[in-house]
Amino acid sequence: MTDTYGPPGEQPGPSEKTMAAWIAEPAGKAALLLTAAAALVIALVVVGVQPVLRMDQAVAEHLHAAALEYPGLTHASRILTDWIVDPWTMRLLLAGTVVWLWHRRQRLLAVWAACTSAAEWAIRGVLRWTIGRERPEWERPVDSAEFAAMPSGHAMTAAATCVLLLWLAHWNGLPTGLVRTAAAAAVLTVATACFTRVFLGVHWLTDTLAGALLGTALATAATAWHTTLYRSRARATAGAKPVGTARAQGLPRQHPPGYRETTSDTDI
């Protein structure tokens, strides 16, 4: 039989196997597609494709006019963007979840979530510095923001945090109804972050689109990575069990009534 990985007798290394397993995950494929979509949006802006830039300008002007016309809606949008969907609010929400995971002795999972959030912050900063896109400018601004515009920090942090929290809720077996409600709240949160930033005139539409795509891609990639490592470790653990055990013999495990699987430090 021909070895499909390379020359005869050459086997793929652990890193190649892990990467192949990551790509095989549905979340891994989704992360690649989302990253490609975000890269396309950024490329269209950086290259200066006029239809895209004209769309950004038209949407920004229309929403800015509405913000000046409806001060009550503008005030509500500022409350939402500064307190509800603000990146620091999202990080505090995730930090609370990390503490909860640590208390449940899912410490590696807690560290994984914290590192993913830190990676989102770092990647966003590097991209903003690299792209260096100017924010919209107005004679009568209704809000202000500093540093470069693309990608939107509110949109990227909200998307990454919401995806992580939804996955953690599913991973820990929370009730299906609760997870579905959280999913609806997550969509509303990201949409609110995107809309308010453009409505208040501090971002272009493509800034928020790129941010939402990148945040979702990063969190999805992280969940695929976690699942890949978890399954790899589970297979290694199963392979190390003595042949004479009940599970190795294919016999079902017997548990007392009311038994429930618990999580521990071995969770990754």
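I take helices (H or I, at least four residues) and strands (E, at least two) as DSSP runs, numbered from the N terminus. The model I am reading is predicted, with local features needing pLDDT of at least 70 and side-chain atom pairs counting only at pLDDT 80 or more, while totals for chains, interfaces and linings use all residues. Residues are numbered from 1 along each chain as its sequence is written, and side-chain values use heavy atoms, with hydrogens and water left out.

I looked up ring pairs, where rings of Phe, Tyr and Trp (its six-membered ring) pair if their centres lie within 6.5 Å, and planes under 30 degrees apart count as stacked, over 60 as edge-to-face and the rest as tilted. My search of the whole structure gave 3 aromatic pairs. In one of them, Trp112 and Trp167 have ring centres 5.2 Å apart and planes at 55°, so I noted the pair as tilted. Because Trp112 lies in helix α6 (residues 107-131) and Trp167 in helix α7 (residues 153-171), this pair ties together parts that are 55 residues apart in sequence. Trp112 and Trp167 are both buried (buried is under 20% relative accessible area, exposed over 50%, partly exposed in between, with a 1.4 Å probe and protein chains only).

I then turned to Phe195 and Phe199, whose ring centres are 5.3 Å apart with planes at 20°, so the pair is stacked. Both lie in helix α8 (residues 176-199), 4 residues apart, about one turn of the helix. Phe195, at 39% relative accessibility, counts as partly exposed, whereas Phe199, at 1%, counts as buried.

Finally, I noted that ring pairs link Trp112, Trp167 and Trp171 into a cluster.
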